[in-house]
Each structure stands twice: as C-alpha cells, then as structure tokens.
Amino acid sequence: MTTVAIIGSAGYTGQETLDRVLGHPGLELVALGSDSLAGQAAGALDPRLNGSLPGFVPNAEAARSGAELIFLCLDNDASAAFEPPAGAVVVDLAGAHRLADEAAATAWYGTAPGAWSYGLPELFPPQGRLIANPGCYATAALLALTPLAGSISGAVIDAKSGVSGAGKSLKASSHAGSVLENLSPYAVGAHRHAPEIAQQLGLRVCFVPHLLPVRRGLLATCYVQTAADARALIEEAYSASPVVRVLPMGLTPELGRVQGTDTAELGIFTDGETGTTIVICALDNLGKGAAGQAVQNANLALGLPQTDGLRLHGVPV
C-alpha cells in the first residue's frame, strides 16, 4: 500500500480527493491536513467519515508525515510555496506549477515557482514525481481540441461551470442571490486557464467562462476551422481510454451523465452554414476536472492501474 497525505483537505477538491483515496485499493491515508480543522476528528468535515480515519492536523504537520504520495489541495500561493518532501510523489491541484514560461506564470499567478510535469493522462501523461494537475476548464478544452491541434490555427472556447468551481471560500459572486436563476460570464478575456490551454495546444485561443446555477459540472463548446476529419482524429485519440467517451454522431454531451463521475464526454458536429467544426466536452469540474484526474495522475506515477479509485460507472437518473 502507498501511504497518502492530503494537504488542504477541507476544501471541495480536498474532500473529493479524500473520497477517492478512501475507495482506492492501493492507497492508505495517513494524514489529513487542514489548518482550519486541525485538532478535530475527520467527522468535522463530514459526519459520514467514521472514527477509523486520522484526525485533522495542520498542513505543515501533514506534509511531514512521511507519506509517499501527497495531494496538494491548496490555493495558488500556498501550493507555489510548498516544498516537496524528498522522494514523495506530489500532485498539485492548484495552478502555479502549470505554466512553463516564467513571465507568464508571474503575470497570471503572481509567482513563478517552476513548472511541474503537466499531467492530463490521455494526452500528456505525467513524467516524474512532481505533477501539475490541469485546470478544469483547461481539461475540457484540451480533451476537445488537442487531437485537432495540428490542423487548426486557433479556437473559440465557450465554457460553463457549476458554482463549486469557484471554491469553498465565501464570496459575493457565489452567493445564492447571485447564482440562482442567473447565468453570468466572468474573467472575460482574462482567465488563467486561457494561457494554460494555449501552452498545451501551441496556438492562441479565445476563451470565455460562465458560471452556471448548478453545484457541479462543466461544459465547453469549442469552435474551430479545420479541413481535417475531426471525428476520425478524436475517436483515434481516445479509442483506448477508459475515461473519455466519444459519443456517436448526433448525440450531445450532457452534465447529468458526468456529474459525480471522473469521466468526460465528447461530441463532434459541423455547422452546415459556415463549415465550422464544433467539439463539445462535458465533465465534472470536481471529478475529471480536479480530484479524479489527480488520482489518475498519481496512479500513473506510481505504476498502478490508472482507473483505481475513480468513479467511472453507473447510470443514475
């Protein structure tokens, strides 16, 4: 069994990562880090967590636990300042280690701690023991567009995510009064996932995110001009994937089928009037867009079956 510590386990991504670790046949939880819950039992996070789990300790103490695998579920500044223990596999779910260009990292995150191996398993398998988990929007856009990158010069990405994508911290923009019965774009032309997407694709993108009045789920609709057979390229890219489903012609991805899972759905269409290729990706922003992908990356880094601990099956109504 590989020992695991979760740093920042009280947030949404921390709790989702914990849930997958608890269902993983090859991982043993040894430390739950949380500065806000330190000294309390695991049930302080959720009463469904029983007394067999370790109690919460400060994040610094969890980092010193000697765990062989560490999940960093911290904000960008805290993850950038984190010193990885020697020999441990560390998966960072924040963003500061994603951008390879130092100037870009400083511009978008205010710090440039150095890029780690960018781990999107189906497209960019992680290398080494320090892994930068992709952003949720970036995951959806890259799954949709990377198979086409050699045949396009740019892309327009219209994406929408549930409110959990904003994190657990209280803010006016995620209050019920702002979210319910509403749909709002934000960070228009200035979202951190845009340079991340552009970096991995090797081309410029126009990216606009929106906040959906749902708890979880993300849908990205991508528009490109290409002469390539988009369906053939995308189907080939994911033909062996246990996580990414390419839907049959005419079927559209839906949030309801991916919410609460670590899967992604892709649909490919062509606009008859303009010839625009439209690729749509749906995933759970906390699943394939965060915790599920982090566990998938850890599995690959440790030489374990990549789907261990993931939520892949089920047909809930």
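Colleague: Tyr-118, buried or exposed?
Modeller: Tyr-118 is buried, at a relative accessible area of 8%. Buried means under 20%, exposed over 50% and partly exposed in between, with a 1.4 Å probe and protein chains only. This is a predicted model, where local features need pLDDT of at least 70, side-chain atom pairs count only at pLDDT 80 or more, and totals for chains, interfaces and linings use all residues. Residues are numbered from 1 along each chain as its sequence is written, and side-chain values use heavy atoms, with hydrogens and water left out.

Colleague: And how many aromatic pairs are there?
Modeller: The structure has 2. Rings of Phe, Tyr and Trp (its six-membered ring) pair if their centres lie within 6.5 Å; planes under 30 degrees apart are stacked, over 60 edge-to-face, and the rest tilted. Phe-124 is buried too, at 19%.

Colleague: Why is the pair of Tyr-137 and Phe-207 called edge-to-face?
Modeller: Because the planes of Tyr-137 and Phe-207 stand at 65°, with the ring centres 5.2 Å apart. This pair links distant parts of the chain, 70 residues apart: Tyr-137 is in helix H5 (residues 136-145) and Phe-207 in strand E10 (residues 204-211). Helices (H or I, at least four residues) and strands (E, at least two) are DSSP runs, numbered from the N terminus.

Colleague: How many residues of H5 are buried?
Modeller: 10 of its 10.

Colleague: Which residues have the most contacts inside the largest nonpolar core?
Modeller: Phe-71, Leu-142, Leu-143, Ile-157 and Ile-197, in a core of 67 residues. H5 gives the most to this core, with 9 residues. A nonpolar core is a set of buried Ala, Val, Leu, Ile, Met, Phe, Trp, Tyr and Cys residues joined through side-chain atoms within 4.5 Å. Another core, of 14 residues, lies apart from it and includes Ala-5 and Ile-7.

Colleague: Changing topic, what lines the largest pocket?
Modeller: 46 residues, with Asp-75, Gly-165, Ala-166, Gly-167 and Lys-168 nearest its centre. Helices H1 (12-22), H3 (76-81), H5 and H10 (287-302) each give two or more residues to that lining. A pocket, on a 1 Å grid over the protein atoms alone, is an open set of points where a 1.4 Å probe fits, with protein on both sides within 12 Å along at least five of seven lines; lining residues have an atom within 4 Å of a point.

Colleague: How much space lies in the largest pocket?
Modeller: About 1400 Å³, counted as the space filled by probe spheres set on the points, which are joined across faces, edges and corners.
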